[in-house]
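Student: Could we go through this model together, a strand to begin with and then any enclosed space?
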Amino acid sequence: MVQKISVNQRREIGKRSPLIYGQFIEHFHRQIYGGIYDPGNSLSDEDGFRTDIIEAMQKIGTPVLRWPGGCFVSSYHWKKAVGENRTPFFDKAWRVEDSNSFGTDEYIKLCRKLNCEPYICTNAGTGTAEEMSDWVEYCNLEQEGEYAKWRIANGNPEPYHVKYWSIGNENYGFWEIGAKSAEEWGRLTAESAKMMKHVDPSIELSAAALADISWNINLLRHCGPFLDWISIHQYWDMMPQINNPASYEQCMAFTDQIDRSVCEVRGILTAMRLEHKIKIAFDEWNLRSWHHPNVHTIEQGRSKEEYLTPRDKNDDNSTYTMADAVFAACFLNAMNRNCDIVGMANFAPVLNTRGCIYSDKSGIVLRSTYYVFDLYVNYMGDIVIDTWERNEASYMTVTGKNGTAADVKILDILATKWSDRPGIAVAIVNKHVSEAQHIELEFGGLEGPAVLYTLNGPSENSYNDIDNKQVEIVRHNLGQAAGKLSLVIQPHSVNVLQI
Ligand code: AHR
């Protein structure tokens with residue numbers, strides 16, 4: 001059946017923030033040490049940062065980098081990781097020693113090299129309002145007080161102007177160090193926000209939330225006036241304890257209601273009349289959860305084989321297939337559609353673990369999800385425009401990892417245009433595992449050269465690895481188009497059509 005689609009570039013949904021293509025990096029496994037911060041490696045620059053990784057992150061226009069966690073942050077004390085005397089500490093979240101050689105100053109230096117916004121997540125687990133606001137002093141005050149003077153003494157005379165700050169990380173979860181009740185959370189967040197804004201009223205503040213009414217109502221009742229963002233996280237293919245990646249078909253089931261948590265938080269914000277004041281920062285998302293058995297549990301692992309060695313399984317590049325790329329494109333389409341209330345999203349993480357880039361001592365691998373960011377950042381427009389089916393949409397029934405069936409749309413389409421140049425760019429995702437989809441696209445009076453960029457591999461399970469590149473973007477010149485175009489979209493593929 002031919003799917004008939006219309007695009008109307010005069011009907012604007014909204015302007016998406018570039019921050020929805022944000023990234024996240026945590027002190028976990030090889031993301032920082034031996035990852036992006038690899039002093040002594042011939043691939044690293046004079047500051048110890050891997051130039052191959054930085055270049056790859058620059059090519060997908062990393063707009064914001066959230067750091068240092070994640071669960072790590074809930075027992076992290078930033079003051080031990082600045083200045084001359086770095087005291088190694090035992091990271092109780094991930095049960096490893098952290099040298100503290102990578103701290104705030106190194107992080108800011110990294111953000112400058114990436115030309116991206118810093119986004120610091122503070123310790124609301126064992127930390128205090130004072131420790132959080134001292135961090136804002138260190139980063140943003142000119143020279144008033146001991147912490148700004150400390151920054152200057154450490155060789156950084158100019159303030160860092162860190163605009164984005166988050167209070168806490170998942171403090172609602174039993175697994176989080178310093179977990180809080182909803183009432184405790186509302187109170188701590190309000191006092192922390194007050195002190196942080198007293199230091200620098202220009203900062204934008206987020207706080208850990210989730211699609212849970214009582215938690216968010218408590219948070220917003222106590223802290224709503226101070227907040228600019230509300231932070232939510234989601235992983236769909238949950239594998240913290242058992243490393244059993246979902247199949248392609250099971251992953252497609254996860255695309256059903258992919259923006260459910262955004263809709264729920266939008267509802268709470270609207271009910272509390274905060275929907276025009278507070279935006280959603282979806283500041284951890286990934287189809288696949290990280291694998292780190294026996295640490296988020298009450299009974300901790302005893303041997304390193306039980307809780308440390310298994311983390312290497314995240315490094316298996318064959319896990320990250322076209323399923324990950326198709327899912328990521330569906331997620332980014334959903335965030336674009338909700339661009340009126342979603343102002344930031346951060347892929348968790350950018351490097352190693354389940355990231356879009358894999359690195360080892362001798363180089364990097366660009367996983368399938370990396371190319372989705374390449375397509376959306378470099379080939380899509382910044383204004384979301386309206387698109388709709390002119391005939392019945394095609395569905396497919398897939399069985400989820402939990403064994404239940406879900407009817408999901410085979411095509412996921414998002415249309416955009418640019419605020420600074422003519423033309424349209426339409427993202428077209430074909431989720432079907434084997435069937436190409438025929439599309440008749442109508443786009444009004446627009447005419448011009450049409451180019452289709454297709455991200456795909458030989459099969460739904462294609463992936464990229466060292467010396468084995470199966471997934472890439474291929475350009476197809478479709479010639480001159482005027483008003484409409486017929487397309488055949490490959491199975492398990494992510495495409496951007498530019499006219
Ligand atoms: O699995 C990694 C963890 O996922 C992050 O540290 C935390 O924020 C989330 O629970």
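Tutor: Strand E2 (residues 22–24) runs parallel to E11 and pairs with E11 over two bridges; strands count as paired if DSSP finds at least two bridges between them, and strands themselves are DSSP runs of at least two residues (helices, H or I, at least four), numbered from the N terminus. This is a predicted model, in which local features need pLDDT of at least 70 and side-chain atom pairs count only at pLDDT 80 or more, while totals for chains, interfaces and linings use all residues. Residues are numbered from 1 along each chain as its sequence is written, and side-chain values use heavy atoms, without hydrogens and water.

Student: Which residue is opposite Phe347 in E11?
Tutor: That is Gln23.

Student: What about E10 and E11, how many bridges there?
Tutor: Strand E10 (residues 279–288) pairs with E11 over four bridges, in the parallel sense, and Phe282 stands opposite Ala345 in E11.

Student: Is E11 mostly covered or exposed?
Tutor: Mostly covered, since six of the six residues in E11 (residues 342–347) are buried, where buried means under 20% relative accessible area with a 1.4 Å probe, protein chains only.

Student: New topic: how many cavities of 30 Å³ or more are there?
Tutor: The search of the whole structure finds one, a cavity being a set of points on a 1 Å grid over the protein atoms alone where a 1.4 Å probe fits but cannot get out, with lining residues having an atom within 4 Å of a point. The largest cavity holds about 40 Å³ of space, a volume being the space filled by probe spheres set on the points, which are joined across faces, edges and corners.

Student: And which helix gives the most to its lining?
Tutor: Helix H3 (residues 129–140) does, with three residues; the lining of the largest cavity includes Tyr76, Thr122 and Trp135.

Technical notes
Buried < 20%, exposed > 50% of the residue type's maximum accessible area, 1.4 Å probe, protein only. 1 Å grid on protein atoms, 1.4 Å probe; cavity = no way out; pocket = protein on both sides within 12 Å on 5 of 7 lines; lining within 4 Å.
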